[in-house]
Amino acid sequence: MTQLKAYEGTYQGEKAVWLQAGNFEAALVPNVGGNLIAYRDNVSGFRFLREPGESEMEEFRGNPGVYGIPVLFPPNRYEDGKFPWKGTTYQFPVNEEATGNHLHGFLHTIPWQVEEYGNTDRESYVTVKISVDEAHEVYRFLPFKFTVRLKYTLSEHGLAQHVFVRNDGEGEMPCLLAFHTAVNAPFAPDSQASDYRMKFTIGERWELNDRMLPTGKHQPLTVEEEAMKNEGVYPYFTSLDNHYTAVPQNGRNRMELTDSKLGLTLVYDVGTSYKQWMIWNNGGTEGFFCPEPQINLVNAPHVNLPADEIGLFSLAPGEIWEETARLYLKASK
């Protein structure tokens, strides 16, 4: 019988909810953006997500975007911090000096509320939420009433994620979201980065200007990027900070990371609501990279293209958007 357990504890001094399911364990830190900071196989020694070391906890608290699974809402860059929406332009803080843009939204650095945790006879789970209203700190930048809820479940089938966004207000609101998921490559203790190949359900690469904002045009894919769609490519073949359209294959939208030495593939199946991928690999430095499923094109409210094409989603009062994702291991072909 698989051991299943969910309990409150700490993660390197930070309040955490831990999940256990057989060989697997995961940890979520609610007070740092509801970040699912660890997903491990303790029998094999696999560490699937990039975790902060003990000496890196302060860095993590200050910049949680490159560890675990941070939620970005709204995601990525907005020109001059301006966010035009339904005839009103909202001003976000310009927090990326190099580009003069706003970067990554408001939910990945603030505390989330733990709603519940526990286990069934098949899985352990934790649910956290953010409810924004006039009294919430986010409201002064995004003056909409809404709830975002995240549920993670751990079982023999890996780590599952359910994200839920509800418009609790009286006006139409933007629903733009991404996950800046940081995946280890290598994730196995005795493998090397050179043993790994990554594969994505990408379509075309968006052209970005010198401020990392899309021009609305596409660029031809390189030989390596074509390989990324097909047989897979070494994750650090060049410095990547690239934006791509998502094109589901065989009914699914996913990243696959294969350890050729062990014959195992980590699958990140993210659901087809995510219209875009960002792929960032820390300047091509071996260790980790970020496969980022994203609802919307970067800077989408400024781009004059059809809303459905660029993932410019909205929610009317009372409407809900939700999506699921899963990280799991399978044997390679």
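## Salt bridges, sheet and cores of a predicted model

D168 and R166 form a salt bridge, with their closest N and O atoms 2.7 Å apart; the term denotes a side-chain nitrogen of Lys or Arg within 4 Å of a carboxyl oxygen of Asp or Glu. The structure is a predicted model, in which local features need pLDDT of at least 70 and side-chain atom pairs count only at pLDDT 80 or more, while totals for chains, interfaces and linings use all residues. Residues are numbered from 1 along each chain as its sequence is written, and side-chain values use heavy atoms, with hydrogens and water left out.

### Salt bridges

The structure holds 15 salt bridges. Side chains of opposite charge can pair when their charged atoms come close.

| Pair | N to O distance |
|---|---|
| D168 and R166 | 2.7 Å |
| R61 and E58 | 2.7 Å |
| K145 and E134 | 3.2 Å |

Accessibility is classed as buried under 20% relative accessible area, exposed over 50% and partly exposed in between (1.4 Å probe, protein chains only). D168 is partly exposed at 32%, and R166 is partly exposed at 32%. Salt bridges with shared partners link E14, E58 and R61 into one network. R61 and E58 lie 3 residues apart in helix 1 (residues 57–62) and are therefore separated by about one helical turn. Helices (H or I, at least four residues) and strands (E, at least two) are DSSP runs numbered from the N terminus. R61 is partly exposed at 28%, whereas E58 is exposed at 59%.

K145 and E134 form a further salt bridge. Both K145 and E134 lie in the loop between strand 12 and strand 13, so the pair ties together parts that are 11 residues apart in sequence. K145 has a relative accessible area of 30% and is partly exposed; E134 is partly exposed at 49%.

An open sheet is formed by 8 strands in the order 11-12-13-14-27-23-22-18, with antiparallel pairing; two strands pair if DSSP finds at least two bridges between them. Its edges are strand 11 (113–119) and strand 18 (196–200), each of which pairs on one side only. Neighbouring strands are turned by 10° against each other on average, direction ignored; the axes are lines fitted to C-alpha atoms, and angles run from 0 to 180 degrees between N-to-C directions.

Strand 11 pairs with strand 12 (residues 124–132) over 6 bridges, and G118 has Y125 of strand 12 as its bridge partner. Strand 14 (residues 158–167) and strand 27 (residues 320–331) are joined antiparallel over 8 bridges, with L159 opposite L327 of strand 27. Strand 27 is also joined to strand 23 (residues 264–269), by 6 bridges; there L266 has L329 as its partner in strand 27.

A6 belongs to strand 1 (residues 4–11) and is buried at 15%. Beyond four places in sequence, A6 touches residues including Y117, G118, S124 and Y125, contact meaning heavy atoms within 4.5 Å.

### Nonpolar cores

The largest nonpolar core has 78 residues, and Y152, L177, F179, L257 and W321 have the most contacts inside it. Such a core is a set of buried Ala, Val, Leu, Ile, Met, Phe, Trp, Tyr and Cys residues joined through side-chain atoms within 4.5 Å. Strand 13 (residues 146–155) supplies the largest share of this core, 5 residues. Leaving aside neighbours within four places in sequence, L257 is in contact with residues including V183, F187, Y196, L266 and F289. A second, separate core of 16 residues includes A16, A38, F60 and A182.
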